[in-house]
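Subject: Structure handover

Hello,

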Amino acid sequence: MSTPDRVRGGLWVIVPAAGRGSRFGGAVPKQFLEVGGRSVLAHTLDALASHSGIGGIVLVLGADDVPVLPEAALHGKPLVRAPGGDTRAASVLAGLHALPESVRPDDFVLVHDAARPNLHADDLDALLERGRMDPVGAILAAPVRDTLKRAGDDGGIDGTEPRERLWRALTPQLFRRLQLGRALEAADAEGIAVTDEAMAMERQGARPLLVEGREDNFKITTPADFARFEFELSRRS
Ligand code: CTP
Ligand code: MG
């Protein structure tokens with residue numbers, strides 16, 4: 001890699017961690033729950049910071065969140081905190097605004113969910129390698145494997161949808177700082193709720209690249225997902 005990114009110490013990654021975990025339930029948001037001796041968030045930060053391609057992290061937090069971050073999880077990489085917004089997109093935008101000035105408008109930045117702790121280095125390798133070749137950027141994604149049914153109002157099946165070209169969007173997602181900021185601002189101004197970065201970019205006419213990632217880079221949404229991560233961790237050791 002002879003890109004200027006390496007010279008300036010690698011890519012920055014924005015980690016939105018300001019959600020409340022309403023589908024998960026409970027008093028403590030899922031990203032702060034402990035598993036294997038530290039929080040889900042600490043596992044996520046470790047997976048990112050341990051990668052040689054990562055130069056720094058912007059951690060987006062809710063107003064009252066003061067998480068304990070073990071030094072070891074950061075691998076000596078700089079961490080900047082930013083206050084979150086009411087939606088994931090608003091939190092990512094706040095994260096973009098908090099990037100240091102050393103990240104130039106044309107530089108790629110990553111966005112990765114705090115609630116997605118089971119990221120493996122080979123996925124990040126693939127995304128960086130292929131995504132940085134793309135003029136727009138790229139996302140990790142997984143092809144849909146199940147047969148898809150369209151439900152009627154009464155819960156009966158109204159039909160079967162072709163799944164051949166359908167993918168599930170994962171994170172990290174890789175875009176250029178200025179373009180991503182403009183795309184998220186445009187969606188916000190139009191009152192469109194975008195659920196990932198790629199959707200904001202698509203709305204600008206861009207066609208980000210799909211990079212196939214592992215099925216096990218799942219997001220913790222419900223307690224069953226949390227149990228799955230507990231199991232994955234126990235398999236690692
Ligand atoms: N997130 C955020 N700011 C928000 C909403 C979400 O930073 N206003 C973050 C979450 O903390 C999480 C990631 O975006 O790391 C993915 O969001 P999701 O899984 O939907 O988490 P929550 O919004 O917390 O959960 P729920 O939708 O069930 O309330
Ligand atoms: Mg949410």
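Conventions: residues are numbered from 1 along each chain as its sequence is written, and chains are lettered from A and ligands numbered from 1 in the order in which they are written. This is a predicted model, so local features need pLDDT of at least 70, side-chain atom pairs count only at pLDDT 80 or more, and totals for chains, interfaces and linings use all residues.

Overall fold

The chain has 8 helices and 11 strands (DSSP runs numbered from the N terminus: H or I of at least four residues for helices, E of at least two for strands). Its radius of gyration is 18 Å, close to the 18 Å from the globule rule for 237 residues, so the chain is as compact as a globular protein of that length (the radius is taken over C-alpha atoms, and the rule is 2.2 Å times the number of residues to the power 0.38). The C-alpha trace spans about 55 × 45 × 35 Å along its principal axes. Of the 237 residues, 36% are buried (20 or more other C-beta atoms within 10 Å of a residue's own; exposed is 12 or fewer, partly exposed is in between, and C-beta atoms are placed from the backbone). Among contacts between residues at least 6 apart in sequence, 71% join residues at least 24 apart (contact: C-beta atoms, placed from the backbone, within 7 Å).

Strand S1 covers residues 11-17, and 7 of its 7 residues are buried. Leu11, Val13, Val15 and Ala17 lie on one side, with Trp12, Ile14 and Pro16 on the other. S1 pairs in the parallel sense with S4 over 7 bridges and with S6 (residues 108-111) over 3 bridges (pairing requires at least two DSSP bridges between two strands). Tryptophan 12 stands opposite glycine 56 in S4 and opposite valine 109 in S6.

The largest nonpolar core has 53 residues, and Val13, Ile14, Val15, Val60 and Val109 have the most contacts inside it (a core is a set of buried Ala, Val, Leu, Ile, Met, Phe, Trp, Tyr and Cys residues joined through C-beta atoms within 7 Å). Helix H2 (residues 40-49) gives the most to this core, with 7 residues. Beyond neighbours within four places in sequence, isoleucine 14 is in contact with Val58, Val60, Val92, Gly95, Leu96, Val109 and Val111.

H2 is largely enclosed by the rest of the structure, because 9 of its 10 residues are buried. Those buried residues pack against S1, S2 (34-35), S3 (38-39), S4 (54-61) and helix H3 (71-74).

In H4, 7 of the 10 residues are buried, so this helix is also largely enclosed by the rest of the structure. Its buried residues are Arg88, Ala89, Ser91, Val92, Leu93, Gly95 and Leu96. The elements covering them include S1, S4, S5 (79-83), S6, H6 and H7 (197-203).

Ligand 1

Which residues are closest to ligand 1? They are Pro16, Gly19, Ser22, Arg23 and Ser91, out of 23 residues that surround the ligand (C-beta atom, placed from the backbone, within 6 Å). S1 and H4 (88-97) each supply at least two residues of this shell. The shell divides into 8 nonpolar, 9 polar and 6 charged residues (nonpolar: Ala, Val, Leu, Ile, Met, Phe, Trp, Tyr, Cys and Pro; charged: Asp, Glu, Lys and Arg; polar: the others, Gly among them).

Glutamate 185

Glutamate 185 lies in helix H6 (residues 177-189). It counts as partly exposed because it has 14 C-beta neighbours inside 10 Å. Its C-alpha atom is 9.2 Å from that of alanine 89, 96 residues away along the chain.

Regards

Definitions and conventions
Contact = placed C-beta atoms within 7 Å.
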